[in-house]
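I opened my notebook to look up a few places in this protein, one at a time. Come along and keep the picture beside you as you read.

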Amino acid sequence: MDLLPRSPGEFGSSRYWDRFFRQRGQRPFEWYGAFPELCPVLHKYVRPRDKVLVVGCGNSELSEQMYDMGMCEDIVNIDISDAVIRQMQERSRSKRPKMSYLLMDMLQMDFPDAHFQVVLDKGTLDAVLTDEEEATLAKVDKMFAEISRVLQVGGRYLCVSLAQAHVLKKAVEYFSQEGWVVRVHQVASSGDKQQFVLPIFVYVMTKFRKIPGSAPQILEICPEEQDKPMRVESAERLVAAVKDRQHYALLCSQLSKTPCREQVSLDLCDKESGRPRYTLHVVDSPSVKPSRDNRFAIFIIPQGRETEWLFGTEEGRRQLAASAGFGRLVTVALHREQHYEGMAGIQAELSGKVMELAPPGLPARQQVPFLSVGGDIGVRMVQHCDTSPLSGEYVVEDVKGDGTSYFRRLIFLSNRNVVQSEARLLAPVPLSGQKKRRKDKKKASPTEPPTAIDKSYLCCEHHKAMVAGLCLLGGPDPLPGDEAVLVVGLGGGSLPLFIHDYFSQAHVAVVEIDPSMLEVATRWFGFSQGDRMRVHISDGLDYVAKLAAEVFALPPAAPAQYDAIMFDVDSKDLTVGMSCPPPAFVEKPFLQKVKTILKPEGVFVLNLVCRDVRLKESVLATLREVFPLLYTRRIEGEVNEILFCQLSPECRRDLTELGARAQALEGGLRQPGRPWDSSYALADMLQAVKIL
């Protein structure tokens, strides 16, 4: 039986509705929103003594259920279909004597002004506002004007709707401009299979006297999980907030029916501030054979470790899910601006929400495990926050790594999933002969990180590879000497500090465009300048161009200045597929200037981070035009690729010779009394080098 209209315009036709209800018979028709779902919201705004008008009542049971539950008895129902009015009069005449059904057009009602305290509309506005044609909008304006006329001041217009963007926008703009308070409630789902996947909303428009002039709009949204409404600043923001909830409902519906081929990411926001509190990634593992106990799990990423390869990349999360042995794993990253009450608190906060992301076939009341590394949520302590005119907002934070190690990190909030600089913190060492702490003294917190920087340790794998590339310097003997090294990009200063300390005769010049970074490196990362270490606050492009001009001005026999030039500089333009270095640093005219200031047997070391395959090929081609000898070293698990560029093909060395030179360089750097981490196997760093 075909009950749907041939065109949306028929929704406003009494002939269509007469035919509809005659064909449907006595069966109640609910567009959406069963009474148990709507009841909590209706109870807030409908009082037992209120006089209630239901517009476009149809044969819905809503009025009858409100009456029978004692919510309200003085209810007037109107509809344009004579068939349904006669049907409903017959159904309620003997059971509900105080409730009436009238044949009436809501666009031209017979009631006197200010006659009702509540006007209730369940799907009627959605049925009328089928498009944004001029005639349709005029009809809706007339509908709203009539509702406004029959409502008392302080009365409520309650509109149950699917909240299509054009419907919500029209209602919000009309009534807010009339000076009414507008609040949108999301209706809690019953959890049953519903006719509509989209969530249901109730617009609550409260009538106030219109104040002359430009009174501030009061717009609020009240999500299903909380009673306290949240204020929004504009109709556009309110529509956007509703749209976010609709998208989430569609996502949950899709995830409950089919496995996701691609990883799904979403943010759960703090109710008070609206800022992201949790970032979730849904990862399905088709290779895992499903059983009752391995269908679904939640993995809490320890604070500060969300940038690690295993947790911060699609491939890493895919490997994590497979190794955990669950068909669907939801990883949860915690945000630095938020406070968390331990694993139990997070589990209590998330347990209801994450079940909305459960896979198809999960048994009812299945216990879902919450997993983590070491069973805790990690430690993150923000030490410093500031804003740089060049780098934007940034934070310096201390985080706990594996075991007992702590690390200090610099994060640019414009790219918060990338660690800009990192240094290991030294564990405090008791002084010899120090007296035992008195029992009544306050003990240091076991979660409080140390504060001294371990300058001997390079946290970043690409920094280790860049140092290993210095074995290309010199003739037959690669031992460290009085090299002149130019480093473009300071960050926290770990790379130039290591070169300064371990190449004990080297002179290091550092170029940094952002003076704020010099302050950060000095105050928070143990960086300092001296006779062999100087920082120049300048654009790297300008500084290199100036040096090249000086070389051109010298006599032809004058030597170039640097044995090694290192670029470790990030790009502020996130729209380019290359985040390190900025594109101007790898253009041919500039690379020619780099070549000019590099000694003939020197090495130019470039940290390249490029996700755009074509752009990367173009960069490599340009480098080969300027530097005849090019080595490349991919950093495992990262996008970074370290390029070692030399001016003469005669400097070429095979991989065996490179390994031997790296071992010799390491032997020269390891000195008695000087700490050396076992992970600095320079020969291993060069094992994966390729000659382009």
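Predicted model: local features only at pLDDT ≥ 70, side-chain atom pairs only at ≥ 80, totals over all residues.

**Entry 1: a loop with a proline**

I started at Pro581, which is found in the loop between strand E24 (578-580) and H16. Helices (H or I, at least four residues) and strands (E, at least two) are DSSP runs, numbered from the N terminus.

Residues are numbered from 1 along each chain as its sequence is written, and side-chain values use heavy atoms, with hydrogens and water left out.

**Entry 2: the whole protein**

I noted 19 helices and 28 strands in the protein. Of its 692 residues, 52% count as buried; buried means under 20% relative accessible area, exposed over 50%, and partly exposed in between (1.4 Å probe, protein chains only). I then turned to contacts, meaning heavy atoms within 4.5 Å. Among contacts between residues at least 6 apart in sequence, 71% join residues at least 24 apart.

**Entry 3: helix H16 and its partners**

How do H15 and H16 cross? The axes of helix H15 (residues 540-553) and H16 come within 9 Å and cross at roughly 55°. Axes are lines fitted to C-alpha atoms, for helices over the stretch in contact, and angles run from 0 to 180 degrees between N-to-C directions. That angle makes H15 oblique to H16. For the word oblique I wrote down the ranges: angles under 35 degrees count as roughly parallel, over 145 as roughly antiparallel, 65 to 115 as roughly perpendicular and the rest as oblique.

H15 passes H16 in a left-handed crossing. A crossing is left-handed if the near helix is turned anticlockwise from the far one by less than a right angle, and right-handed if clockwise. The residues of this contact divide into 10 nonpolar, two polar and one charged. Here Ala, Val, Leu, Ile, Met, Phe, Trp, Tyr, Cys and Pro count as nonpolar, Asp, Glu, Lys and Arg as charged, and the others, Gly among them, as polar.

I moved on to H17. Helix H16 (residues 588-597) and helix H17 (residues 613-626) pack at an angle of about 40°, with their axes 10 Å apart. H16 passes H17 in a right-handed crossing. On the H16 side I found Lys588, Leu591, Gln592 and Lys595, which meet Thr622, Leu623, Glu625 and Val626 in H17. By class, this contact of H16 with H17 has three nonpolar, two polar and three charged residues.

**Entry 4: the cores**

Which residues have the most contacts inside the largest nonpolar core? They are Leu53, Ile78, Phe111, Leu125, Phe144, Tyr157 and Tyr203, in a core of 43 residues. A nonpolar core is a set of buried Ala, Val, Leu, Ile, Met, Phe, Trp, Tyr and Cys residues joined through side-chain atoms within 4.5 Å. Helix H7 (residues 165-177) gives the most to this core, with six residues. I picked out Phe144: leaving aside residues up to four places away in sequence, Phe144 touches Leu125, Tyr157, Lys170, Ala171, Tyr174 and Phe175. Another core, of 40 residues, lies apart from the largest one, and includes Cys471, Leu490, Met533 and Leu669.

**Entry 5: two alanines with positive phi**

I looked up Ala114, in the loop between strand E3 (100-103) and E4. Its phi is near 50°, a positive value in a residue other than glycine. Ala114 is partly exposed, with a relative accessible area of 37%.

Ala163, in the loop between E5 and H7, has a positive phi of about 60° although it is not a glycine. Is Ala163 buried or exposed? At 2% relative accessibility, Ala163 counts as buried.

**Entry 6: a buried arginine**

I ended at Arg409, whose place is in strand E17 (residues 406-412). Arg409 is buried, with a relative accessible area of 6%. Setting aside neighbours within four places in sequence, its contacts include Glu308, Glu397, Glu422 and Phe525.
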